[in-house]
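Hi everyone, thanks for coming. Let me put the sequence and the structure up, and then I'll walk you through the sheet and the core.

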Amino acid sequence: FRPHSNERVKGYYIERFNDKNGKWNKIADLTPRLSAEYIDKGLTDGKVYRYRIIAYTFDGLKSKPSKVLSIKTLEKPKVITNIQATTNLP
């Protein structure tokens with residue numbers, strides 16, 4: 001995402017929606033303001049995740065949440081079976 005243009009912004013809260021309890025959970029606190037990248041790890045294959053970002057200022061003010069971003073992780077590739085290789089060709 002793009003860094004906020006307001007220099008009063010200290011950082012960002014990254015939130016992910018929890019399908020089990022129906023609530024938004026803070027998963028990261030990014031500072032300083034120009035740190036506008038987050039990589040979520042340990043995700044389940046083939047699942048849809050929803051994220052939003054909240055900017056906050058040095059004096060504790062919070063922005064409204066961003067638009068929700070939905071992402072689907074890829075399925076694992078199928079396992080290759082019955083594969084054969086030659087032993088006499090390069």
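This is a predicted model: local features need pLDDT of at least 70, side-chain atom pairs count only at pLDDT 80 or more; totals for chains, interfaces and linings use all residues.

Strand β1, residues 9-18, pairs with β2 in the antiparallel sense over seven bridges. Strands here are DSSP runs of E, at least two residues long, numbered from the N terminus, and two of them pair if DSSP finds at least two bridges between them.

Residues are numbered from 1 along each chain as its sequence is written, and side-chain values use heavy atoms, leaving out hydrogens and water.

Now the whole sheet: it is open, with four antiparallel strands in the order β2-β1-β3-β4. Because β2 (23-30) and β4 (69-72) stand at the edges with a single partner strand each, one side of each has no neighbour in the sheet.

What makes up the largest nonpolar core? Eight residues: Val9, Tyr12, Ile14, Ala28, Leu30, Tyr49, Tyr51 and Ala55. A core here means buried Ala, Val, Leu, Ile, Met, Phe, Trp, Tyr and Cys residues joined through side-chain atoms within 4.5 Å. β1, β2 and β3 (48-57) are the elements that give two or more residues to this core.

Let's look at valine 9, in strand β1. Valine 9 counts as buried because its relative accessibility is 6%; buried means under 20% relative accessible area, with a 1.4 Å probe and protein chains only. Its C-alpha atom is 4.1 Å from that of threonine 57, 48 residues apart along the chain.

Notes. Buried means under 20% relative accessible area, exposed over 50%, partly exposed in between (1.4 Å probe, protein chains only).
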